Amino acid sequence: MKNDLDQFITGIPKSELHLHIEGTFEPDLMFKIAQRNSIELKYNSIEELKAAYNFSNLQDFLDLYYEGAKVLIKEKDFYDLTTAYLEKAQQQNILHTEIFFDPQTHTERGIKFKTVINGIYNALEDSKISTKLIMCFLRHLDADSAMKTLEEALPYKDKIIAVGLDSSEVGNPPSKFKHVFDKARKEGFLTVAHAGEEGPASYIREALGLLHVSRIDHGNHALDDENLVNELVKRKMPLTVCPLSNLKLAVVKDLKKHPLKLMMEKGLFVTINSDDPAYFGGYLNENYLAISHALTLNRDDIIKLAKNSFNASFLSKEEKMRYISKIDAW
Ligand code: ADE
Ligand code: ZN
């Protein structure tokens with residue numbers, strides 16, 4: 001039996017703003033798609049694969065994540081992956097979700113950009129929940145590859161709200177992609193970037209100052225720089241925090257030591273997100289539940305976080321108001 005607060009958490013209307021579609025690839029679907037594409041996985045069974053989900057850091061996880069994505073070949077594979085996530089999201093009372101996809105993970109393997117985007121986009125079109133799509137550049141690859149990807153995306157501009165930056169953070173600062181993001185903004189895309197997950201506070205400063213981001217993904221290391229915290233508070237800059245991801249990738253040692261509550265106390269505009277739920281042990285509700293238990297959050301904290309999740313989204317003012325009134329009525 002769930003207690004009252006747990007029921008409140010699972011039922012409250014919410015939005016998700018930091019979710020990699022390739023990170024929703026559940027082992028059973030991965031095996032099914034591998035089989036129909038006649039691809040041999042490195043692991044003999046679902047159990048063997050799951051046993052490998054034991055990461056010491058971000059790179060450890062990324063190695064496995066890119067390996068799993070190799071079985072995605074056809075438009076239907078991307079459609080099925082996206083549909084499976086959207087069904088879970090709907091069950092969790094997620095009313096709106098802004099989904100990252102990593103085209104280079106696929107185009108580098110010879111899959112066409114249009115295969116990736118059409119598969120994902122058709123699933124969004126068939127879903128009952130509100131969605132937006134964010135195209136991430138892989139920061140471990142060079143800026144030329146990101147620029148080529150941006151050019152490939154231009155015919156699909158109306159289907160992509162923003163560009164982002166993900167993959168191996170340390171050694172790949174936002175400044176590496178300044179020109180790509182300049183062009184992306186000129187073409188009308190909003191911008192976001194992973195920063196301060198494993199990388200230093202200075203990467204968050206670069207994301208703000210050079211990439212002109214509308215949100216910071218993660219942002220944990222902002223807390224190392226008091227002036228930066230003040231700047232983020234002043235700008236009302238959203239941080240898309242991912243508690244179970246932080247635990248599984250050893251960004252925090254223990255959820256009880258997670259900085260979410262401290263961030264809220266400092267007035268930072270934080271949201272809760274699941275990042276790569278198939279790999280990190282839980283979707284959005286599991287993230288809300290785990291962090292509320294660890295930090296003894298109360299009902300007001302949950303309401304604040306759920307409202308933040310809509311206010312920090314790329315929905316219009318009117319849409320935000322409509323969703324927030326659903327929280328008030330809840
Ligand atoms: N790609 C998928 N998940 C990621 C994360 N947590 N950080 C950076 N890149 C990612
Ligand atoms: Zn992420």
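**Close-up views of the predicted model**

**Figure 1. S309 is placed in helix α16 (residues 299-311).** Helices (DSSP runs of H or I, at least four residues) and strands (DSSP runs of E, at least two) are numbered from the N terminus. The model is predicted, so local features need pLDDT of at least 70 and side-chain atom pairs count only at pLDDT 80 or more, while totals for chains, interfaces and linings use all residues. Residues are numbered from 1 along each chain as its sequence is written, chains are lettered from A and ligands numbered from 1 in the order in which they are written, and side-chain values use heavy atoms, with hydrogens and water left out. S309 counts as buried because its relative accessibility is 0% (buried is under 20% relative accessible area, exposed over 50%, partly exposed in between; 1.4 Å probe, protein chains only). The S309 side chain comes to 3.0 Å from the backbone nitrogen of S15, a polar contact (a pair of N or O atoms within 3.5 Å; within protein, one must be able to donate a hydrogen and the other to accept it, and residues adjacent in sequence count only if both atoms are side-chain atoms). Setting aside neighbours within four places in sequence, the contacts of S309 (heavy atoms within 4.5 Å) are K14, S15, L17, T271 and Y288.

**Figure 2. N308 also lies in helix α16.** With 7% relative accessibility, N308 counts as buried. A polar atom of the N308 side chain is 2.9 Å from the backbone oxygen of V270. Beyond neighbours within four places in sequence, N308 contacts F269, V270 and T271.

**Figure 3. H18, H20, H194 and D275 coordinate the zinc ion (ligand 2).** The donors (N, O and S atoms within 2.8 Å of the metal, or 3.2 Å for Na, K and Ca; water is not among the atoms, so sites may look incomplete) are NE2 of each histidine and OD of D275, at 2.0 to 2.2 Å. Their angles run from 84 to 177°, and the arrangement is therefore irregular. Four donors would count as tetrahedral with all angles between 85 and 135 degrees; four count as square planar and six as octahedral if opposite donors are over 155 degrees apart and all others between 65 and 115; anything else is irregular. The donor residues follow the spacing H-x1-H-x173-H-x80-D. Because H18 belongs to strand β1 (residues 14-20) and H194 to strand β5 (residues 190-195), the pair ties together parts 176 residues apart in sequence. H18 counts as buried at 0% relative accessibility, as does H194 at 4%.

**Figure 4. The surroundings of ligand 1 include H20, H194 and D275.** A backbone N or O atom of S167 is 2.8 Å from a nitrogen atom of ligand 1. A polar side-chain atom of E197 lies 2.7 Å from a ligand 1 nitrogen, and a side-chain N or O atom of D275 is 2.7 Å from a nitrogen atom of this ligand.

**Figure 5. The largest nonpolar core has 100 residues.** A nonpolar core is a set of buried Ala, Val, Leu, Ile, Met, Phe, Trp, Tyr and Cys residues joined through side-chain atoms within 4.5 Å. F101, L260 and Y279 touch the most other members. Helix α4 (residues 58-69) gives the most to this core, with seven residues. A second, separate core has six residues, including F100 and I134.

Methods. A residue is near a molecule or strand if one of its heavy atoms lies within 4 Å of it.
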